[in-house]
Amino acid sequence: MRRSFSGFTSAATAALFAVFMLSACVEGPEGPAGPQGETGATGATGAAGADGADANSTCVDCHDADTRIKSRQIQWEASTHATGGNFERVSSRGDNVCATCHTHEGFIERMDTGDWTTVEEVTNPTPPNCRTCHAIHDTYTEADLDVQFTTAFDLQIDGTTVDFGDGTLCANCHQPRTPGPPVVVGGGDVTITSAYWGVHHGPQGGILAGAGGYEFTGLTYPTAPHIHGAVATNPDGCVTCHMANPYGDQAGGHTMFMAYQYHGSDEPNLAGCATAGCHANTADWETLGYLGFDYKNFQTAVLADLAALKTKLLAVGIVTADDHAVPGTWTEVQAGALLNYLMVLEDRSNGVHNPSVSGYVSVLLKNTIAALP
(Lines give C-alpha, C1' and ligand atoms only; values in the text may rest on other atoms or scores of the structure.)
Protein backbone atom coordinates (compact mmCIF):
# COMPACT_ATOMS: atom_id res chain seq x y z
CA MET A 1 0.00 0.00 0.00
CA ARG A 2 2.79 2.40 0.94
CA ARG A 3 4.54 1.65 -2.34
CA SER A 4 1.46 2.49 -4.42
CA PHE A 5 0.80 5.74 -2.53
CA SER A 6 4.40 6.83 -2.89
CA GLY A 7 4.37 6.26 -6.66
CA PHE A 8 1.15 8.28 -6.99
CA THR A 9 2.57 11.14 -4.96
CA SER A 10 5.75 11.30 -7.10
CA ALA A 11 3.76 11.36 -10.33
CA ALA A 12 1.43 14.08 -9.08
CA THR A 13 4.32 16.17 -7.87
CA ALA A 14 6.09 15.91 -11.24
CA ALA A 15 2.93 16.91 -13.11
CA LEU A 16 2.35 19.94 -10.93
CA PHE A 17 6.02 21.01 -11.33
CA ALA A 18 5.78 20.80 -15.13
CA VAL A 19 2.60 22.94 -15.14
CA PHE A 20 4.33 25.47 -12.89
CA MET A 21 7.41 25.70 -15.16
CA LEU A 22 5.32 26.03 -18.29
CA SER A 23 3.31 28.76 -16.66
CA ALA A 24 6.45 30.58 -15.62
CA CYS A 25 7.93 30.41 -19.11
CA VAL A 26 4.86 31.69 -20.81
CA GLU A 27 3.61 34.30 -18.42
CA GLY A 28 6.52 35.29 -16.16
CA PRO A 29 8.37 38.62 -16.61
CA GLU A 30 11.91 38.65 -18.05
CA GLY A 31 14.57 38.88 -15.41
CA PRO A 32 17.28 41.59 -15.38
CA ALA A 33 20.47 41.04 -17.43
CA GLY A 34 23.43 39.54 -15.66
CA PRO A 35 26.69 41.47 -15.11
CA GLN A 36 29.26 41.74 -17.96
CA GLY A 37 31.79 38.90 -17.93
CA GLU A 38 35.47 39.60 -17.39
CA THR A 39 37.65 40.43 -20.38
CA GLY A 40 39.79 37.52 -21.58
CA ALA A 41 43.60 37.41 -21.31
CA THR A 42 43.98 38.76 -24.83
CA GLY A 43 42.36 42.07 -23.97
CA ALA A 44 39.22 43.80 -25.11
CA THR A 45 37.92 43.26 -28.62
CA GLY A 46 39.24 45.90 -31.04
CA ALA A 47 37.09 48.28 -32.99
CA ALA A 48 35.69 47.12 -36.33
CA GLY A 49 38.03 47.68 -39.29
CA ALA A 50 37.33 50.25 -41.98
CA ASP A 51 35.45 49.17 -45.05
CA GLY A 52 37.64 47.87 -47.89
CA ALA A 53 38.15 49.88 -51.06
CA ASP A 54 35.56 49.51 -53.74
CA ALA A 55 36.91 47.00 -56.26
CA ASN A 56 35.41 49.06 -59.05
CA SER A 57 37.81 51.87 -58.18
CA THR A 58 40.94 49.67 -58.31
CA CYS A 59 40.62 46.42 -60.27
CA VAL A 60 39.02 48.11 -63.25
CA ASP A 61 42.11 50.26 -63.68
CA CYS A 62 43.50 47.25 -65.52
CA HIS A 63 40.65 44.73 -65.78
CA ASP A 64 38.28 46.80 -67.86
CA ALA A 65 36.58 46.22 -71.19
CA ASP A 66 39.81 46.98 -73.02
CA THR A 67 41.87 44.16 -74.58
CA ARG A 68 45.29 45.56 -73.71
CA ILE A 69 46.03 42.82 -71.16
CA LYS A 70 44.59 40.04 -73.29
CA SER A 71 46.58 41.10 -76.36
CA ARG A 72 49.81 41.06 -74.36
CA GLN A 73 49.02 37.62 -72.97
CA ILE A 74 48.50 36.29 -76.49
CA GLN A 75 51.79 37.81 -77.63
CA TRP A 76 53.72 36.44 -74.63
CA GLU A 77 52.31 32.95 -75.18
CA ALA A 78 53.97 32.93 -78.62
CA SER A 79 57.30 34.23 -77.30
CA THR A 80 60.47 32.26 -76.68
CA HIS A 81 60.17 33.20 -73.01
CA ALA A 82 56.98 31.16 -72.88
CA THR A 83 57.87 28.34 -75.27
CA GLY A 84 61.63 27.90 -75.26
CA GLY A 85 63.09 29.07 -71.98
CA ASN A 86 64.27 25.62 -70.85
CA PHE A 87 62.67 26.29 -67.48
CA GLU A 88 61.55 22.68 -67.15
CA ARG A 89 65.14 21.38 -67.03
CA VAL A 90 65.78 23.22 -63.79
CA SER A 91 63.44 21.01 -61.79
CA SER A 92 64.55 17.72 -63.30
CA ARG A 93 68.25 18.54 -62.98
CA GLY A 94 68.14 20.37 -59.67
CA ASP A 95 70.20 23.14 -61.26
CA ASN A 96 70.23 26.09 -58.87
CA VAL A 97 72.38 28.22 -61.21
CA CYS A 98 70.30 27.98 -64.39
CA ALA A 99 67.21 28.73 -62.31
CA THR A 100 68.29 32.33 -61.76
CA CYS A 101 67.50 33.21 -65.37
CA HIS A 102 65.50 30.30 -66.78
CA THR A 103 62.74 30.45 -64.15
CA HIS A 104 60.60 33.27 -62.82
CA GLU A 105 61.13 32.09 -59.26
CA GLY A 106 64.91 31.95 -59.53
CA PHE A 107 65.16 35.34 -61.23
CA ILE A 108 63.06 37.09 -58.58
CA GLU A 109 65.24 35.50 -55.88
CA ARG A 110 68.43 36.68 -57.62
CA MET A 111 67.10 40.22 -57.94
CA ASP A 112 66.42 40.11 -54.20
CA THR A 113 69.66 38.51 -53.02
CA GLY A 114 72.12 39.33 -55.81
CA ASP A 115 73.26 35.69 -55.77
CA TRP A 116 73.55 33.73 -59.04
CA THR A 117 72.57 30.52 -57.23
CA THR A 118 69.18 29.90 -55.63
CA VAL A 119 69.20 28.81 -51.99
CA GLU A 120 66.99 25.82 -52.75
CA GLU A 121 66.00 23.89 -55.85
CA VAL A 122 63.06 25.41 -57.70
CA THR A 123 60.77 22.39 -57.70
CA ASN A 124 57.70 23.92 -59.34
CA PRO A 125 59.18 26.35 -61.88
CA THR A 126 57.48 28.72 -64.28
CA PRO A 127 59.12 30.48 -67.23
CA PRO A 128 59.66 34.26 -67.27
CA ASN A 129 56.14 35.70 -67.26
CA CYS A 130 54.06 38.79 -66.45
CA ARG A 131 55.11 38.78 -62.79
CA THR A 132 58.78 38.56 -63.70
CA CYS A 133 58.82 41.97 -65.35
CA HIS A 134 55.89 43.66 -63.62
CA ALA A 135 54.81 43.93 -59.96
CA ILE A 136 51.40 42.42 -60.68
CA HIS A 137 48.82 42.89 -57.89
CA ASP A 138 51.18 44.89 -55.72
CA THR A 139 49.29 48.18 -55.58
CA TYR A 140 46.25 47.05 -57.61
CA THR A 141 46.63 50.13 -59.77
CA GLU A 142 48.10 50.76 -63.21
CA ALA A 143 51.45 51.19 -61.45
CA ASP A 144 51.57 47.38 -61.30
CA LEU A 145 52.17 47.40 -65.05
CA ASP A 146 55.37 49.43 -64.74
CA VAL A 147 58.60 47.59 -65.55
CA GLN A 148 60.61 46.61 -62.47
CA PHE A 149 64.34 45.93 -62.02
CA THR A 150 65.49 48.83 -64.21
CA THR A 151 68.31 50.02 -61.94
CA ALA A 152 71.73 50.18 -63.63
CA PHE A 153 74.02 47.26 -62.78
CA ASP A 154 77.52 45.94 -63.54
CA LEU A 155 78.07 43.19 -66.11
CA GLN A 156 79.20 39.95 -64.54
CA ILE A 157 82.06 39.43 -66.98
CA ASP A 158 83.99 42.71 -66.63
CA GLY A 159 82.13 45.08 -64.30
CA THR A 160 81.00 47.51 -67.01
CA THR A 161 77.96 49.46 -65.78
CA VAL A 162 74.95 49.23 -68.09
CA ASP A 163 71.82 51.35 -68.05
CA PHE A 164 69.32 50.75 -70.84
CA GLY A 165 66.23 52.18 -69.15
CA ASP A 166 63.47 49.59 -69.29
CA GLY A 167 65.83 47.39 -71.32
CA THR A 168 68.07 47.09 -68.26
CA LEU A 169 65.64 44.44 -67.03
CA CYS A 170 66.41 42.32 -70.09
CA ALA A 171 70.16 42.74 -69.74
CA ASN A 172 70.13 41.30 -66.22
CA CYS A 173 69.95 37.88 -67.89
CA HIS A 174 70.96 38.69 -71.45
CA GLN A 175 74.59 39.39 -70.61
CA PRO A 176 77.86 37.49 -71.17
CA ARG A 177 78.72 35.10 -68.36
CA THR A 178 82.22 34.83 -66.98
CA PRO A 179 83.68 31.60 -68.40
CA GLY A 180 85.33 29.19 -66.03
CA PRO A 181 88.21 29.50 -65.99
CA PRO A 182 88.23 33.11 -67.24
CA VAL A 183 90.65 34.53 -69.75
CA VAL A 184 92.36 37.61 -68.32
CA VAL A 185 94.64 40.11 -70.04
CA GLY A 186 98.14 39.22 -68.85
CA GLY A 187 96.80 36.15 -67.04
CA GLY A 188 98.62 33.56 -69.13
CA ASP A 189 97.45 30.17 -70.42
CA VAL A 190 93.88 29.00 -69.94
CA THR A 191 92.94 25.37 -69.31
CA ILE A 192 89.50 24.67 -70.79
CA THR A 193 87.79 21.60 -69.36
CA SER A 194 84.33 21.81 -70.93
CA ALA A 195 83.03 21.90 -74.49
CA TYR A 196 80.56 24.53 -73.27
CA TRP A 197 83.22 26.99 -72.14
CA GLY A 198 82.38 30.57 -73.12
CA VAL A 199 79.95 33.41 -72.47
CA HIS A 200 76.78 31.27 -72.58
CA HIS A 201 73.87 31.82 -74.97
CA GLY A 202 72.66 35.36 -74.31
CA PRO A 203 75.43 37.99 -74.28
CA GLN A 204 73.33 40.70 -75.97
CA GLY A 205 73.68 43.16 -73.08
CA GLY A 206 77.46 43.16 -73.45
CA ILE A 207 77.29 43.62 -77.21
CA LEU A 208 74.78 46.46 -76.83
CA ALA A 209 77.03 48.15 -74.27
CA GLY A 210 80.19 47.56 -76.31
CA ALA A 211 81.82 45.57 -73.53
CA GLY A 212 82.66 42.07 -72.35
CA GLY A 213 84.99 40.86 -75.09
CA TYR A 214 88.66 40.01 -74.68
CA GLU A 215 90.57 43.15 -75.72
CA PHE A 216 94.08 42.46 -76.95
CA THR A 217 96.92 44.55 -75.57
CA GLY A 218 98.13 47.29 -77.90
CA LEU A 219 94.92 47.37 -79.98
CA THR A 220 92.27 50.09 -79.78
CA TYR A 221 88.55 49.67 -79.16
CA PRO A 222 85.65 52.13 -79.37
CA THR A 223 84.79 53.68 -76.03
CA ALA A 224 81.24 54.81 -76.84
CA PRO A 225 78.59 52.20 -75.99
CA HIS A 226 76.35 51.04 -78.83
CA ILE A 227 76.72 53.42 -81.76
CA HIS A 228 73.07 52.68 -82.56
CA GLY A 229 70.38 55.25 -81.78
CA ALA A 230 68.36 52.84 -79.61
CA VAL A 231 70.54 53.96 -76.73
CA ALA A 232 71.79 57.29 -78.04
CA THR A 233 68.33 58.74 -78.75
CA ASN A 234 65.96 56.36 -76.99
CA PRO A 235 67.18 55.13 -73.60
CA ASP A 236 65.07 51.97 -73.41
CA GLY A 237 67.51 49.85 -75.37
CA CYS A 238 66.13 46.37 -76.09
CA VAL A 239 62.52 47.46 -75.60
CA THR A 240 62.71 50.12 -78.30
CA CYS A 241 63.02 47.64 -81.16
CA HIS A 242 61.96 44.26 -79.80
CA MET A 243 58.73 45.51 -78.20
CA ALA A 244 57.62 48.00 -80.84
CA ASN A 245 54.07 47.95 -82.22
CA PRO A 246 53.21 44.26 -82.62
CA TYR A 247 52.30 42.37 -85.74
CA GLY A 248 49.64 40.15 -84.16
CA ASP A 249 51.36 37.45 -82.14
CA GLN A 250 54.24 37.05 -84.60
CA ALA A 251 56.52 40.03 -83.98
CA GLY A 252 56.93 43.05 -81.72
CA GLY A 253 55.06 43.65 -78.50
CA HIS A 254 55.45 40.89 -75.95
CA THR A 255 56.55 38.36 -78.58
CA MET A 256 59.82 40.33 -78.77
CA PHE A 257 60.49 38.86 -82.22
CA MET A 258 61.98 41.15 -84.86
CA ALA A 259 60.52 39.38 -87.91
CA TYR A 260 57.44 37.43 -88.92
CA GLN A 261 56.36 35.08 -91.67
CA TYR A 262 54.56 36.72 -94.58
CA HIS A 263 53.65 34.69 -97.65
CA GLY A 264 56.35 32.16 -96.86
CA SER A 265 59.23 34.54 -96.24
CA ASP A 266 60.63 36.48 -93.29
CA GLU A 267 59.39 40.04 -93.04
CA PRO A 268 61.23 42.38 -90.66
CA ASN A 269 59.21 44.34 -88.11
CA LEU A 270 60.57 47.84 -88.64
CA ALA A 271 58.19 49.66 -86.29
CA GLY A 272 60.89 50.33 -83.71
CA CYS A 273 63.58 51.20 -86.25
CA ALA A 274 61.40 53.86 -87.82
CA THR A 275 60.22 55.50 -84.60
CA ALA A 276 63.38 55.47 -82.46
CA GLY A 277 64.94 58.37 -84.32
CA CYS A 278 67.34 56.04 -86.15
CA HIS A 279 65.75 55.21 -89.51
CA ALA A 280 62.81 57.56 -89.80
CA ASN A 281 62.83 57.11 -93.57
CA THR A 282 62.88 53.35 -94.07
CA ALA A 283 62.14 53.76 -97.79
CA ASP A 284 65.81 54.46 -98.48
CA TRP A 285 66.87 51.07 -97.09
CA GLU A 286 66.29 49.35 -100.40
CA THR A 287 68.71 51.66 -102.21
CA LEU A 288 71.36 51.08 -99.53
CA GLY A 289 71.49 47.36 -100.08
CA TYR A 290 68.82 46.47 -97.53
CA LEU A 291 68.01 42.80 -97.21
CA GLY A 292 66.34 41.69 -93.99
CA PHE A 293 68.30 43.65 -91.39
CA ASP A 294 71.44 43.80 -93.51
CA TYR A 295 71.51 47.59 -93.50
CA LYS A 296 74.32 48.80 -95.78
CA ASN A 297 75.42 45.15 -95.99
CA PHE A 298 76.69 45.36 -92.42
CA GLN A 299 75.50 41.89 -91.42
CA THR A 300 77.15 40.47 -94.52
CA ALA A 301 80.46 41.99 -93.41
CA VAL A 302 80.09 40.67 -89.85
CA LEU A 303 79.30 37.16 -91.08
CA ALA A 304 82.38 37.26 -93.32
CA ASP A 305 84.57 38.28 -90.37
CA LEU A 306 83.04 35.54 -88.20
CA ALA A 307 83.79 32.96 -90.90
CA ALA A 308 87.38 34.21 -91.26
CA LEU A 309 87.90 34.05 -87.49
CA LYS A 310 86.43 30.56 -87.29
CA THR A 311 88.79 29.36 -90.01
CA LYS A 312 91.74 30.48 -87.89
CA LEU A 313 90.30 28.95 -84.72
CA LEU A 314 89.76 25.63 -86.52
CA ALA A 315 93.35 25.72 -87.68
CA VAL A 316 94.48 26.24 -84.08
CA GLY A 317 92.24 23.37 -82.99
CA ILE A 318 90.46 25.23 -80.20
CA VAL A 319 86.96 25.05 -81.70
CA THR A 320 84.87 22.32 -83.32
CA ALA A 321 82.92 22.56 -86.55
CA ASP A 322 79.70 22.91 -84.53
CA ASP A 323 81.15 25.79 -82.48
CA HIS A 324 82.07 24.04 -79.24
CA ALA A 325 85.28 24.63 -77.32
CA VAL A 326 87.94 21.93 -77.42
CA PRO A 327 89.17 21.08 -73.90
CA GLY A 328 92.88 21.58 -73.37
CA THR A 329 95.42 24.18 -72.31
CA TRP A 330 95.53 27.15 -74.67
CA THR A 331 97.45 30.39 -74.82
CA GLU A 332 95.79 33.54 -73.59
CA VAL A 333 95.54 34.85 -77.16
CA GLN A 334 93.89 31.65 -78.40
CA ALA A 335 91.39 31.54 -75.52
CA GLY A 336 90.63 35.24 -75.91
CA ALA A 337 90.01 34.77 -79.63
CA LEU A 338 87.59 31.92 -78.93
CA LEU A 339 85.73 33.99 -76.34
CA ASN A 340 85.28 36.85 -78.83
CA TYR A 341 84.09 34.49 -81.55
CA LEU A 342 81.51 32.88 -79.26
CA MET A 343 80.34 36.24 -77.94
CA VAL A 344 79.51 37.66 -81.37
CA LEU A 345 78.11 34.31 -82.55
CA GLU A 346 75.84 33.84 -79.52
CA ASP A 347 74.57 37.42 -79.76
CA ARG A 348 72.79 36.19 -82.91
CA SER A 349 72.09 39.66 -84.31
CA ASN A 350 75.06 39.42 -86.71
CA GLY A 351 76.19 42.83 -85.54
CA VAL A 352 72.88 44.70 -85.44
CA HIS A 353 73.08 45.14 -81.67
CA ASN A 354 76.20 47.25 -82.17
CA PRO A 355 76.42 48.26 -85.82
CA SER A 356 78.79 50.51 -87.77
CA VAL A 357 82.18 49.65 -89.23
CA SER A 358 83.70 51.60 -86.36
CA GLY A 359 81.50 49.94 -83.72
CA TYR A 360 82.44 47.40 -81.09
CA VAL A 361 81.50 44.25 -83.01
CA SER A 362 83.48 45.13 -86.13
CA VAL A 363 86.54 46.29 -84.22
CA LEU A 364 86.43 43.30 -81.86
CA LEU A 365 86.34 40.80 -84.76
CA LYS A 366 88.97 42.52 -86.90
CA ASN A 367 91.38 42.92 -83.97
CA THR A 368 90.91 39.25 -83.04
CA ILE A 369 91.60 38.09 -86.58
CA ALA A 370 94.73 40.22 -86.65
CA ALA A 371 95.95 38.84 -83.31
CA LEU A 372 95.91 35.20 -84.45
CA PRO A 373 98.74 33.95 -86.65
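A salt bridge here is a side-chain nitrogen of Lys or Arg within 4 Å of a carboxyl oxygen of Asp or Glu. Side chains of opposite charge can pair when their charged atoms come close. Keep in mind that this is a predicted model. Searching the whole structure turns up 4 salt bridges.

**Stop one: a network.** Select Asp64, Arg68 and Glu142. Salt bridges link Asp64, Arg68 and Glu142 in a network. Now zoom in on Asp64 and Arg68. Their side chains meet in a salt bridge, 4.0 Å from N to O. Asp64 is partly exposed, at 37% relative accessibility. Arg68 is also partly exposed, at 21%.

**Stop two: helix to helix.** Select Asp305 and Lys366. A salt bridge joins these side chains, with 3.1 Å from N to O. Asp305 sits in helix H13 (residues 298-316) and Lys366 in helix H15 (residues 360-371). The pair links distant parts of the chain, 61 residues apart. Lys366 is partly exposed, with a relative accessible area of 46%.

Asp323 forms a salt bridge with Lys310, and their closest N and O atoms are 3.1 Å apart. Lys310 is buried, with a relative accessible area of 18%. Asp323 is partly exposed, at 23%.

Key: Residues are numbered from 1 along each chain as its sequence is written. This is a predicted model: local features need pLDDT of at least 70, side-chain atom pairs count only at pLDDT 80 or more; totals for chains, interfaces and linings use all residues. Side-chain values use heavy atoms; hydrogens and water are left out. Buried means under 20% relative accessible area, exposed over 50%, partly exposed in between (1.4 Å probe, protein chains only). Helices (H or I, at least four residues) and strands (E, at least two) are DSSP runs, numbered from the N terminus.
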